[in-house]
Amino acid sequence: MTPQARVQAAIDILDAVIAAARAKGAPADRLISEWFRTRRFAGSGDRRAVRELVYAAIRSCGEVPASGRAAMVLLARQDAAVAALFDGSRHGPEAIAPGEITAQGGVAPEWLERALAALGLDSAEQAALLDRAPLDIRINALKAELAELPEVGAPTVAATGRRYPPSTPVEQWDAYRFGAIEVQDAGSQLVCEAAGAQPGEAVVDLCAGAGGKTLALAAAMEDRGVLLACDADRARLSRLMPRAERAGVHIAETRLLDPGKEAEALGDWAGRADAVLVDAPCSGTGTWRRNPEARWRLTPAELARLTALQSRLLDVAAALVKPGGRLVHVVCSLLDVEGADQVSAFLARHADWRAVPLVLGAGTARGSGLRLTPHRDGTDGFFVARLERLC
């Protein structure tokens, strides 16, 4: 592909990304893969260059762009090398016309920028939300003897974490194939540490997804005890057990939940758990480094739906914890309505619970918990709080 053709390909993919964002469709990485699947003529260099153009354009736009071309024109206004490729050549984009519609720049849609600023996140904090994320791994304590790494990674804020450049092919390493390492953001590792899971305990990962945090909990428990991983997404939950087998985890069990009927499905766990981790569905404002188009998908109405769901799941989780046990509330969000405010509302509803101060070696105090940010902590954005049921 010529450089001009790469720009046009990025424009075409951006059109699909924008349509998907408006319709709550497939994420950008999947759309990029699908686009290239039917275009075998594109080599690995073409794929890499087009992907970089797509994500650079997404990161440049605050509001949802009118079109893929409008997004790429904004990038061209910022990068003369890209602007020079709008030359009307074969397979390339037409020249930029005077007064042509250009996407609006910024960190996020205006309502979200205002919300972030109101939370004390200055321009540097907001800009860091769109930096390219590094690649973090967690060394699996269950197979640490096999964790011989071909490259020495930088230490992270997490005890068992190592950091590498974004394109590091760790999935090709023997240590990955043996299950000695897992790809996991350092912040995600830290919030698992907040659970304080111990060998022999009964622990629930209530919103387990594909099980990244479940595996970290199992390692902390030395694969001893009982660990229940639950989720309402059958496809994601089905990926957990193959991962557990590779990681040498034997204590994990899975349970598929019906939305709205979680309490009934978990009746046998009432008052039984030493700890419950609630990594609740959230806005994902802390993960924009990895999914920058997610900020185009969030609306005030969707945020209200998510906060209501988080509140309900916290109440479900509370019923599972035995006296003296722990509940850890986690969201990959920087919005107080999903973090500090959510915990305050929970404590107001449940007089037999209290917040426990957390010391994780990173994060800043926010309400009854801690807030992690890319700018200050070098992690994805998270809020985490640890709550204890009184005896």
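Reader: What is the bridge partner of Leu227 in S7?

Author: In strand S7, Leu227 has Ala252 as its bridge partner; strands here are DSSP runs of E with at least two residues, helices are runs of H or I with at least four, and both are numbered from the N terminus. This is a predicted model, in which local features need pLDDT of at least 70 and side-chain atom pairs count only at pLDDT 80 or more, while totals for chains, interfaces and linings use all residues. Residues are numbered from 1 along each chain as its sequence is written, and side-chain values use heavy atoms, with hydrogens and water left out.

Reader: And how many bridges join S6 and S7, and in which sense do they pair?

Author: Strands S6 and S7 (residues 252–256) are paired in the parallel sense over five bridges, where pairing requires that DSSP finds at least two bridges between two strands.

Reader: What about S5, how does that one go with S6?

Author: Strand S5 (residues 202–205) runs parallel to S6 and is joined to it by four bridges, with Ala202 standing opposite Val226 in S6. Between S5 and S6 the chain passes through helix H10 (residues 212–220), in a β-α-β crossover that is right-handed, meaning that, with the strands pointing away from the viewer, the path from the first strand over the helix to the second runs clockwise.

Reader: Why is S6 described as largely enclosed?

Author: Strand S6 (residues 226–231) is largely enclosed by the rest of the structure because five of its six residues are buried, which is to say under 20% relative accessible area, with exposed being over 50% and partly exposed in between (1.4 Å probe, protein chains only).

Reader: Changing topic, what does UniProt say about Cys332?

Author: The unreviewed UniProt entry places the feature "active site" at Cys332, although such annotations may be inferred rather than shown by experiment. Cys332 lies in the loop between strand S9 (321–331) and helix H16 (340–349).

Reader: Is Cys332 buried or exposed, and which residues is it in contact with?

Author: Cys332 counts as buried, because its relative accessibility is 18%. Apart from neighbours within four places in sequence, Cys332 is in contact (heavy atoms within 4.5 Å) with Cys282, Gly284, Thr285, Gly286, Thr287, Gly381 and Phe382.

Reader: Last one, how many helices and strands does the protein have, and what percentage of residues is buried?

Author: The protein has 17 helices and 13 strands, and buried residues make up 54% of its 391 residues. The C-alpha atoms fill a box of roughly 70 × 45 × 35 Å along the principal axes.
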